[in-house]
Structure formats: C-alpha cells, structure tokens
Amino acid sequence: MARQQAGSAAYQDEHFGKIFEDGFSFSGFERDKLFVNDGTGRFVDLSDVCGADDPNDGRAAVVFDVDDDGDQDLFVHNVARARHRLYRNETLRPVSGSGDGATGATGESSPGFVKVRLRGTAGAPDAAGAVVRLASDGRVAAQVLALGSGFISQSAPELVFGLGARPAGELSVTWPGGVVESFGRVQAGARVLLVEGRGAPAPFPSRTFALRDPPPAGLKLDLGDVLGRVPVADVTGTESEFDLTSDGETWLTFWASWCVGCRAEMDELDQLDGEAGRRVVAVCVDVPEDREKAAAMLEDRGVGYTNVFLGPALIETVVDVDRLALPTTLVLGADGTVQRIVRGPVGR
Amino acid sequence: MEVRPGLIERIVLNRPMPVTLGLALALALALGLAFGLAACGGDDAAPLPLVIEIDAPAEPLTQMDLVEDLSEDVANRLVELAAVVRRHAWEEARGWLTDDFAGHALASAVEGASEPMPTGARRISADPGSAAIAGPADWLASFGELLSIYGVVDDVSFKVKGAEFARGVTPTGKVKLKVSIFGRGSDRGPLSHVIWGHVGVTRAGGAWRLSRFGLDSLVRTERDRVLLADVTGLAGLEHVTGIFGKGGEADFDWNGAASHDVDGDGLWDLFVPSSKRSFLYRNRGDGGFDEVSAAWGLGDEHGGTGCVFFDADADGDPDLVVGHVGWVLPDGSFGGQPMRLYRNDGDRFTDVTEASGLSGRHVAFSLAAADFDGNGATDLYVCSYNREGRISPESWFDAGNGTPNALYLNQGDGTFVEAGAERGVADARWGYAAAAADIDEDGDLDLYLANDYGDNALFVNDGQGFFTDRAAELGVLDTGNGMGTAFGDVDTDGRLDLYVANMSSTAGNRILDRLLRERAADGGGDAEPPAGGSGGDDAPGPVQIGSTLKKLAAGNSIFRSLPGGGFERVPSEMGGIGAAWAWSSVFLDIDLDGAQDVFVANGFISGESVADT
C-alpha cells in the first residue's frame, strides 16, 4: 500500500474522511475522570467507581448544587450521542432501597458543609476572583470564585466547603482589591451570603428538595407500565407468545447462567414460586449457544419455576440486554402492571 | 518540506510530530509486506508450558510507522474481542486464541487484602505470580469466572500500550496490554478490573491471534454505591444526537455550559450552548428543569461555543455572554458570528451586543469575567483560537498565528472597550481557556491562559489592569497542548494552586515511548520527562526535543503555589493527572471531606467504530 506524507493534503483528506465519513474514532471512548484527594494533596483515581465516567467525548463540565442539599452536583456537555449529562452527588443522599447503585447503608453521620455566596460592594458586585478561606482544625481551605474556568465552562457562583466530621469553621474573604475581611465562625450546614464590608454572614434560605431515583439502566419500562402477551424463545430459539397476565402476581426475573448473583437467588425464587398465588417466570439472557447450559443448570438445581429465553421482541420493548444489570426482577400485578422493581438478588 | 500542522496532525499525533521537529525519521514509505499464512500448530491437548515466556523479537521491525500500523491493527482486532467477551460468548472468543495458546488464568490469581481508598472505595490487588497456567478453553472459562461477579459489564476495553514486532513472513509480536472492565456488581455497586499483561500475538489466517498471555497485575476496585448518579432523564435534560461526523454533528470543540440563578429564585439554572442551538434549563425546584431558551430570548439558531454569566450592568442580576466563531475576511468584511451579550430583564434576555460594544469578531471559546482594571465593573477576557481546519497552526508548541485574545473593559455602565493589545494580553497562541485569580496576592486579578499550540501564559496584573506574562519565571509555562485550566487549593494550605488540562493520547504515548527508547539507545536526546520545577519548563532546544515530546504526551499538570511566590510542578506520583485527551477540568469536594477533588471531561472523537484512525 502506498503511503502519503503526513503533511500532505491527500493524507489529511484520508484521515478527515475516516473520522467524518467512515465513523472512525481518535482518542475516542476515553472515560471522564474523577480524581479524589485523600486529604494530603495526593489524588486517587476513582473514575471507575464514581458513576460519572462516561466514555462519550466530554467538553464543558459545571459544578453546582442543583438540589441545594449541600453536596456538589455535576453537569457535563458531550460532543455527540447522549449530549447532556446531569449527575446527582449521592454523598448527602438519604439511604434508599430502590436506587440503582445508589443504595446501601452508610450508618455513619453525614459530612458537614458550608455554602457561601458573595456580593461585592466596594468592587464589582459579582466579586469574581474573591478568595474565601475556611479554617478548621488547623487546616485552611481556599477557594476562588471563578466566573469562567475549565474549558468553555462556568460553575455556579457558590462555594461549597466540606467539613467532614468537623462541626464548624472560621470564614474569611479576600475581596478583589486585596481587603481581607473575617466573617467569623459558621456551623456545619450553614448557607451564608457574605456581603463585602458587613463583617457578619447573612444566612440565605435553603431550597433543598427530595429527588426520586432514576429507573434501572437498561430497563425500557417503568412502574405502572403494562406487560401482557410477550414473545419469548425456547431453548432452541423458537419463538412463541407468553402471557404475563394471570390470577395473581408474576415475578419476572432476568438472569444469566454466568451471573453469580443470579445463581444466588435461585433457591429464594423457587420458594416464592407458587406461594400465595404467586408465580415466577425467569427470562434467561444467555447467548444462544449457552441456552442448553442454562437449562441444564436449572435442572441440576431442581428449580420448579418456568424459564424462557430472551427473544428479539423483548429486547425491542422491555430490556436493553447490554445495559441491564442482572439479576433484575419485575413484580407484575395480575393484569401485567409493573408494580415493583427488585434490583439485585431477591430476598435480601 | 513545509509543515502545516492542523486538526489532522493532532489526529495523527504520532506521525507529524517527528517531522515537525525535524527528526530524521523516514515516514513516507511504500512497503510491501508479505503476510504469509502462519502454520497452525498444536491442539488443545498440547502440553502447557511451565512458565509464560514471551520473548521480545530478536530482529524487531524498526520502521516506526509500520510498527504503529501493526499496533493499531492488533488494537482494532482486540476491540472486536472486547465485544465478544462482554456478551459472554466464549465459544466465539476461541477465534482470538491460537490452538496452542497458553496463559495465566485471570480468576486463579490469589487476591490480597482489601485496601481502603478515599470515599470508602476498596481496591483489591491479586498476586500475578499465583496465577495458574491454562490452555485456550480453560483460560477463557477463567475470564468468564472473573466476570461472573458482575451484574452488568458496561464496558470491556483492550488497549495496546506498547508493541514490538518481528521481521519476517509470519508476523509475530509482543504486545503490552491493558484490559479494563467496568460495570456493576449483582448488588449494583460499581465494580471494575484493571489488568496489565504481556501477550504474544501472531497473525494467522488473516487475523491476529493471541498465543500467550502473561499476567503482570490485576486490580479490582469497588464501592457500595456510586458517588454520582446519572439523573439526566429524570431531570428532563436528555438530549441525544447522532454519531460525531454524521448529520452535520462536527462541532468537536464547542459544547459549553454555564450555571447561574437567572430568575432569582435561589436555585441554580443552566445555559448550554452548542453549534446547532442553545438550551436554557430553568431549575423548577422539584428535580426537573424546563427548557425555556425561546421564551427567554435565547433561541439563537447559531447557538454558541462557550458562555459566561456576570452582572455586566451592575443591576443585581446575571447577564449572559455567549461566545461564537467569527472572523475577519481579507477584504475586511466579517464572516461567522459575533459574540453576544444578553441583558437579563428578569423574565427574559435581550440582545444588547451592538450597544454594549462587545461585537468584535473572535474565534471565541472560553470566557473569563472579572474586574481586571479595578474600576468596580466586571470585565471580560475572551480566549480566541483560530479557525481550525481552515487555518493551521504554524508549530505544534510555538504557534503564534491564532487570532489574538481580547480583553473587553467594562466602562462601568455595561458598555465595553476592547483593549487586549494595549493591556498586554492579546496572546495569539491558539488560546482555549483562561482563569482569573490573584496569584501574587497583591490585590489585583491575574490571569492564567492555556494555549493549545503554544506555551501557556500567566499574565500578572500591575494593579492598573496592565499585564506582563511571567509564566516562565513563575514556573507555569507547561509546554503542551493546553485545553482547560482552573485554580483550587489541592493541598489545603490556604493558597490557590493551578490545574491545567492537556491533550494526550494512547497512540501518541506509544509512539513516544518507542521514539525515546530509540533515541536513548542512540545516545541522542534525554529520555526522561522534564522535571518541571520553579525554574519552569525551558523552551525546547535540540537537546530537549525528546523531553518536550514526552511532556506533550504526558497528560495534565498540577502546580502547587509556593509560600514565597511562584509555583512548582506537583510530582506525578501525587496523581490526578492521568487523563487522556482532556478538556474541562473542575475542582469540587465530591465527598465533603474538606479537600478539593478534580473532575476532568475527557476524550476527543468517538466515532461509530471504536477503532482509531
């Protein structure tokens, strides 16, 4: 194959063409990064487990406390595909039983925070460039009010200081112009407006609101949607219709033979099946060549409930099999209405 | 040869840089390589080796571009394997292994103790020396076992981090491989594996196959729940468009965002410009947002690049400036779009660009607002890039042919006069981002500027709004393709430190590693990256081209402010810089422990295919 010089127009055209017309990538699918400070100035890469390590191509990133609960949320603007991403910080979120990855008991007291807004009087009202310092336990944390930073981004003009377990801190401001003003001691949970020259913080009201959890990733329906007759496959791949309405509850559980969590719930599901008019219908999402293995596994385990296999029609309407975490169970009413979604193994 | 690096040169970072730097590398080659069919040897019953040994080729290929082509070839073949693995299609995966394959079985490596991480995350490292050696079927089964603790695998990636290939008719090679697995456990907690290994590869039957896998490290990271939950859909912010390059989606460096309280209700709203349109999301206070750009007078069909809210007319509410790409044609007429200033009228915005004097043509990206001249009114600094794709930077790291940045001084009444050149900040090195702070604590606001194709600038204010670039003496030149910047206190000492996001790429690093190794072997150049330090990064001379190249691909930078003034580069062991093609970088305290964390938006262009060009 003849090769062209790197700087040549033909070479450029070839590579432009590959990206713009043929859909190639360059430094693509690089996940966004979260580096968490361990408190000593050393950063630990926790991108993999942060929940916001989107492989799309991020550009702007904005920090703001969108639900005014005291922890900082994040907005990211991507170049293509899912363009706008809003991430809710789960640090101060009450433990809930239904979040997808947002569940879990903490059992510890929540870390404290101080929220600061600024207003200049001697200088410009925006007070851009003002530095706020919060001193507690011998440490001083500094933040600057930036109107524009990062790349084509502006975070909300509100500074949030974490206090960890410390109950309070001392606030001071270096205003544009260089005047340093002390605003005294503020308690954890304070939301304060600092007005230049006033010397004392002015509390501002909280606008905190509760938020529901997002539905599980990969599930194409939500609570209240109805499933009636659905096409499913048997072990040979032959499709037929399966009626999900019945006289009682139907527990529709999605599983795979390779999944440790799915194997863990089998006995529990088997006990639930037939109890109080309830039936269990398992939908195995294994690749076709593994269907026999999955069927044999159920037989070995002595499972009595119905098992079917995932066909194309269910993928169209109910699950995105690449994104749905297994196991996931839909609890359906007699008429097929989705009444509850169980994330993870049942019976915990 | 005239060298005109442009977009495409950054896309093929590896190839033009040596040319740009005048290194004696033969890049334009017409090579014929006979790919013979490798003999298929062995079968499943072949005895397994006692150790996994993958010898480096005795007679390696040395033509760098050919090595890189083969590396990409292997990388792209492994992209397909990743998809197969994700589906747990292990029979299909056999096609990626030779019949006499042998390797360390992943799940057999004995895990050590759980190491506590910040935020309660846990990291568990396995001992690579404890892994059993398996043939092809067992090796894949062990891979499956490793994945069985996942409830969902969101992504598997195989990245070629280095490669050497043998000369000869049967292409074989030794590849340094990073395998990353991301997903959630059955209990829905986030879970990942990062695996480093060396693989022997051989090309047989027209496709690359693995013949050996030697495990170097295997680390599992997990947490009970995510730190950040994606609530885009619930909040009503979902906006999905096509693949980059399709349907006119080609605004690869646009897509800004700014947050302020536009309606004075105490909740943060969001303005989101892009090339096709802009969005104004009003925070309803119940978890949802309403998109009100049209009703609020921001339905400009030309969208925008970056944006910033500030109180231009000092009436107590935030006004909005939206950046655009505009230019002056050779005949003096204007092309493209000007920036726009929108006055906040309480329930809508009104375009006051013309009356405000903010109507210059710039290739505007990041905007930074602050009162630079100390007259009590907020001014605006505009990072003006150039029309990439139409104009090529004249150098990779010393280009001066961007359009000059602008400084609009607020006259106190919401009208502006442009004074960038007069004030010493009309930098033309393809500026992408800037941030303002008083770095010398003398009471006025200084300005750090991240340049894409030039050293960065630290404009120090003389107190009257006249600036001198002191980046070199203060140690923050940060040679490299600067993309974003922010000030924050990384060591909680009460002083502002500096974060700079840069561009780096896997392919670029792979090439540079090889290049520097070769140069070191030749006794030419220094193979070590620059130490940085308060003396600053020296301008590249012939001896330092190697280190400059390395710096260009090294990633992001953190500079710690020193008690006596100036900055020093934080050593890479302190972490926080290992992003790739990085853009916006923001400080936040994700876990409210009092120490500033960093989030970095990352990645250049993800096409329809995962394969790189």
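User: Hi! What should I know about the numbering and the model before I start?
Analyst: Residues are numbered from 1 along each chain as its sequence is written, while chains are lettered from A and ligands numbered from 1 in the order in which they are written. This is a predicted model, where local features need pLDDT of at least 70, side-chain atom pairs count only at pLDDT 80 or more, and totals for chains, interfaces and linings use all residues; side-chain values use heavy atoms, with hydrogens and water left out.

User: Great. How many helices and strands are in chain A?
Analyst: Chain A has five helices and 21 strands. Both are DSSP runs numbered from the N terminus: helices are H or I with at least four residues, and strands are E with at least two.

User: And how much of chain A counts as buried?
Analyst: Of its 348 residues, 60% count as buried. Buried means under 20% relative accessible area, exposed is over 50%, and partly exposed is in between, using a 1.4 Å probe and protein chains only.

User: What domains does chain A have?
Analyst: The assignment gives domain 1 (94–203) and domain 2 (229–343). Such bounds come from an automatic or database domain assignment. The C-alpha centres of domain 1 and domain 2 of chain A lie 50 Å apart.

User: Let's zoom in on β11 of chain A. Why is it largely enclosed?
Analyst: Strand β11(A), residues 168–174, is largely enclosed by the rest of the structure because five of its seven residues are buried.

User: Which strands does β11(A) pair with?
Analyst: One is β7(A), residues 131–136, which pairs with β11(A) in the antiparallel sense over five bridges. There, A:A135 has A:E170 as its bridge partner. Another is β12(A), residues 180–187, which runs antiparallel to β11(A) and is joined to it by seven bridges. For pairing, DSSP has to find at least two bridges between two strands.

User: What about the hairpin of β11(A) and β12(A)?
Analyst: It has five residues between the strands, and A:G177 takes a positive phi near 110 degrees.

User: Switching to chain B: what is the order of the sheet with β20?
Analyst: It is an open sheet of four strands in the order β20-β21-β22-β23, with antiparallel pairing. β20 (364–370) and β23 (416–418) of chain B stand at the edges with a single partner strand each, so one side of each has no neighbour in the sheet. The twist averages 20 degrees from one strand to the next. For such angles, axes are lines fitted to C-alpha atoms (for helices over the stretch in contact), and angles run from 0 to 180 degrees between N-to-C directions.

User: How many bridges link β20(B) and β21(B)?
Analyst: Five, with β20(B) and β21(B) (residues 379–384) antiparallel. B:A364 stands opposite B:S384 in β21(B).

User: Nice. Last topic: how do chains A and B meet?
Analyst: In this model, 181 residues of chain B are in contact with 147 residues of chain A, where contact means heavy atoms within 4.5 Å. The two chains bury about 13700 Å² between them, 57% of it on carbon and sulfur atoms. Buried area is the accessible area (1.4 Å probe) that two parts lose on being put together, summed over both.

User: How many salt bridges cross the interface of chain B and chain A?
Analyst: The rule finds five. It asks for a side-chain nitrogen of Lys or Arg within 4 Å of a carboxyl oxygen of Asp or Glu. A:R85 forms a salt bridge with B:D230, with the closest N and O atoms 3.0 Å apart.
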